[in-house]
Amino acid sequence: DGGTDLALSIRTSGAPVYVSVTAHVLRRERPVAPTDNGLAVERWYERVSDGASITEVADGELVRVHLRLSANGAREFVVLEDLLPAGVEVVDPRHRGTGADEAMMLEEQRASGSEPDEAEGDSDYGGFGGFGWYFWWRWNPWDHVERRDDRVVIYSRGLPAGTHEYTYLVRATTAGRFVRPQAAAREYFNPGLGGTSDGGWFMVTPRSP
């Protein structure tokens, strides 16, 4: 709306005065456009059953969430945070009873940059090149992942310039129309450097009887 004026009046006896002002801004409209201040964030959803790109899914279905983070230079202590639409919950395929099997877990890891060695079966050293599990997973930039009730948070202590991806699974649990918050990335000790994905709506339709 063109900005806001702030008037500050101070009474002093002549001694030095130091003032600090912090402004918290709440927009009238929900932000949906992506931003890029050194980190570009992309996010899209796919239905697990057929791989279709979606923003609407039936209650009970599994959804694959893709995150892509592009850095225009080497970054340190990067946090990538993806808030979930309220109608879905994170699925950990390593837990039994989630409906996601081991093959799906490996697919998730493969899409997240820690792909199993495709040549393992061709090795003369028992399928692991003689190095056991040390080379079973390829390098990926993410040092730690937190799967919380309402978000997934990914950390990297040192992120090289370029494009990096992470993929995880959610399940639609509640029918309705929900806000699809922006995914956001930033340097932890330099929050002015970061970026956000787009935002919008996410629909969960009632399961067919």
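## The three-stranded sheet

In this predicted model, β4, β14 and β11 form an open sheet of three strands in the order β4-β14-β11, with mixed pairing. Strands are DSSP runs of E with at least two residues, numbered from the N terminus, and two strands pair if DSSP finds at least two bridges between them. Because β4 (56–58) and β11 (176–180) each have a single partner strand, they stand at the edges, and one side of each is left without a neighbour in the sheet. On average, neighbouring strands of this sheet are turned by 25 degrees against each other, direction ignored.

Five bridges join β11 to strand β14 (residues 200–205) in the antiparallel sense. Arg 177 has Met 203 in β14 as its bridge partner.

## Surroundings of Ser 70

Ser 70 belongs to strand β5 (residues 62–71). Leaving aside residues up to four places away in sequence, Ser 70 touches Gly 38, Leu 39, Ala 40, Gly 162 and Thr 163; contact means heavy atoms within 4.5 Å. Glu 42 is 28 residues from Ser 70 along the chain, and their C-alpha atoms are separated by 8.5 Å.

Leu 8 is located in the segment before β1 (35–37). Leu 8 counts as exposed because its relative accessibility is 58%, the limit for exposed being over 50% (1.4 Å probe, protein chains only).

## Basis of the description

Residues are numbered from 1 along each chain as its sequence is written. Local features need pLDDT of at least 70, side-chain atom pairs count only at pLDDT 80 or more, and totals for chains, interfaces and linings use all residues, while side-chain values use heavy atoms, with hydrogens and water left out.

Technical notes. Helices (H or I, at least four residues) and strands (E, at least two) are DSSP runs, numbered from the N terminus. Buried means under 20% relative accessible area, exposed over 50%, partly exposed in between (1.4 Å probe, protein chains only). Axes are lines fitted to C-alpha atoms, for helices over the stretch in contact, and angles run from 0 to 180 degrees between N-to-C directions.
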